[in-house]
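Dear colleague,

Please find below the structure that I am handing over to you. My notes on what was found in it follow directly after.

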Amino acid sequence: MLRPLILALALLPAAATNRPPPADPLTATIHTEDADRFATLFAKTKGKPSAAQLKRDYLDKGSFGIGVFTPGRIVDADNLARAIAANPTRYAQAIKTCLPAAKAATADLRSIYLGLHGALPDVKLPQVYIVFGANTSGGTAKPGAQVLGLEVLCRMSPTPEKLRQTLCHFFAHETVHSFQQDAGMTLARDPLLTAILVEGAADFIAQLVTGEEPDAARAAWATPREAELWRQMQADIALTRKLTDKVDPEEGSPEAKAYARWIGNYSTPPAGWPPELGYWMGLRIWQRYYAAAPDKHAALRAMLAVRDPRAILAAGTYKRRGGSL
């Protein structure tokens with residue numbers, strides 16, 4: 001199964017022997033060394049790099065970002081070679097159009113990092129890496145790094161203008177995920193509810209620092225349907241409490257289907273629904289939680305830890321105007 005193009009939080013091990021130093025928002029740089037090396041190899045081989053060449057000239061020389069992106073995404077040189085051979089035009093377009101646009105986004109990154117530092121001054125900002133992957137993931141994060149798969153982001157946003165907007169969202173959203181992992185976030189309890197809150201928190205904080213709705217079309221569809229979506233979400237949360245944190249949507253059980261209705265369905269949303277609606281539901285829960293919180297900084301810190309998902313859900317409950325749901 002292909003991983004969703006827009007990441008549901010990947011809880012990778014927090015420990016890393018070569019974790020890079022935190023980024024300074026005033027001097028933060030987008031690391032494109034891996035992408036540049038890939039582009040050089042792609043041109044040298046006329047778009048047909050072998051697995052051996054990819055291993056020697058790309059993966060083995062990779063940065064910390066490549067180390068983060070390889071497990072479960074790039075996988076290995078053979079898998080990457082197959083992905084390139086299946087769609088070389090996609091990689092060529094990403095090199096030609098999106099790599100220069102990504103390099104031009106430094107000012108956006110610094111602006112967003114200044115906003116994140118102002119909102120959460122005690123957290124460590126991750127380094128940002130642009131890489132080429134196996135056409136399965138737009139991005140992931142772990143403590144110390146957010147890593148973005150350019151061939152997927154370029155497919156999502158094929159013009160420089162659209163890519164800039166997408167990158168701004170990822171710079172904020174994926175950074176929040178790196179904060180959450182530093183805080184010891186886990187999906188073991190209430191897996192669906194926790195995943196909704198984790199992704200909703202990343203979207204809420206991204207919206208706070210960018211001033212942009214993370215997905216305007218999804219919000220426009222969901223807002224008038226919020227009451228019915230809330231009822232469905234509550235039923236699915238109750239059902240999925242039987243699950244562990246290892247959820248396989250292809251399993252086909254009612255619990256797995258309930259989980260997949262909200263999270264991890266970018267390419268396969270429920271009929272008539274926009275994808276990844278759990279992100280929006282989580283965002284709405286946190287909006288109400290934040291609005292009611294007397295200490296806004298404490299509310300933001302709660303978004304990084306999600307220590308008590310049920311209490312957060314209760315505090316951010318949807319209420320129909322003029323009465324209860």
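Asp190 is buried, with a relative accessible area of 10%; buried here means under 20% relative accessible area, exposed means over 50%, and partly exposed lies in between (1.4 Å probe, protein chains only). The residue sits in the loop between helix H8 (160–182) and helix H9 (191–210). Helices (H or I, at least four residues) and strands (E, at least two) are DSSP runs, numbered from the N terminus. Apart from neighbours within four places in sequence, Asp190 is in contact (heavy atoms within 4.5 Å) with Arg241 and Arg310.

Please note that this is a predicted model, in which local features need pLDDT of at least 70 and side-chain atom pairs count only at pLDDT 80 or more, while totals for chains, interfaces and linings use all residues. Residues are numbered from 1 along each chain as its sequence is written, and side-chain values use heavy atoms, with hydrogens and water left out.

On confidence, pLDDT is the predictor's confidence in each residue, from 0 to 100. The chain averages a pLDDT of 90, and 89% of the residues score at least 70. Over residues 1–16, however, pLDDT stays under 50; the model has 62 contacts beyond four places in sequence for this stretch.

As to the chain overall, there are 15 helices and 4 strands. Of the 325 residues in the chain, 53% are buried. Where contacts join residues at least 6 apart in sequence, 74% of them join residues at least 24 apart. The accessible surface of the chain is about 14100 Å², and carbon and sulfur atoms account for 54% of it; accessible areas come from the Shrake-Rupley method with a 1.4 Å probe, and for residues only the protein chains shown count as cover.

At the start of H4, a side-chain oxygen of Asp76 comes to within 3.3 Å of the backbone nitrogen of Asp78.

Finally, I turn to salt bridges. A salt bridge is a side-chain nitrogen of Lys or Arg within 4 Å of a carboxyl oxygen of Asp or Glu, and by this rule the count comes to 12. One of them joins the side chains of Lys103 and Asp36 (2.8 Å, N to O). Lys103 lies in helix H5 and Asp36 in helix H1, so this pair ties together parts that are 67 residues apart in sequence. Both are partly exposed, Lys103 with a relative accessible area of 41% and Asp36 with 26%.

Another salt bridge is formed by the side chains of Arg261 and Asp236 (2.7 Å, N to O). Arg261 lies in the loop between helix H12 (254–260) and helix H13 (277–292), and Asp236 in helix H11 (residues 226–240), so the pair ties together parts that are 25 residues apart in sequence. Arg261 is partly exposed at 25% relative accessible area, whereas Asp236 is buried at 3%.

With kind regards

Definitions and conventions
A polar contact is a pair of N or O atoms within 3.5 Å; within protein, one must be able to donate a hydrogen and the other to accept it, and residues adjacent in sequence count only if both atoms are side-chain atoms.
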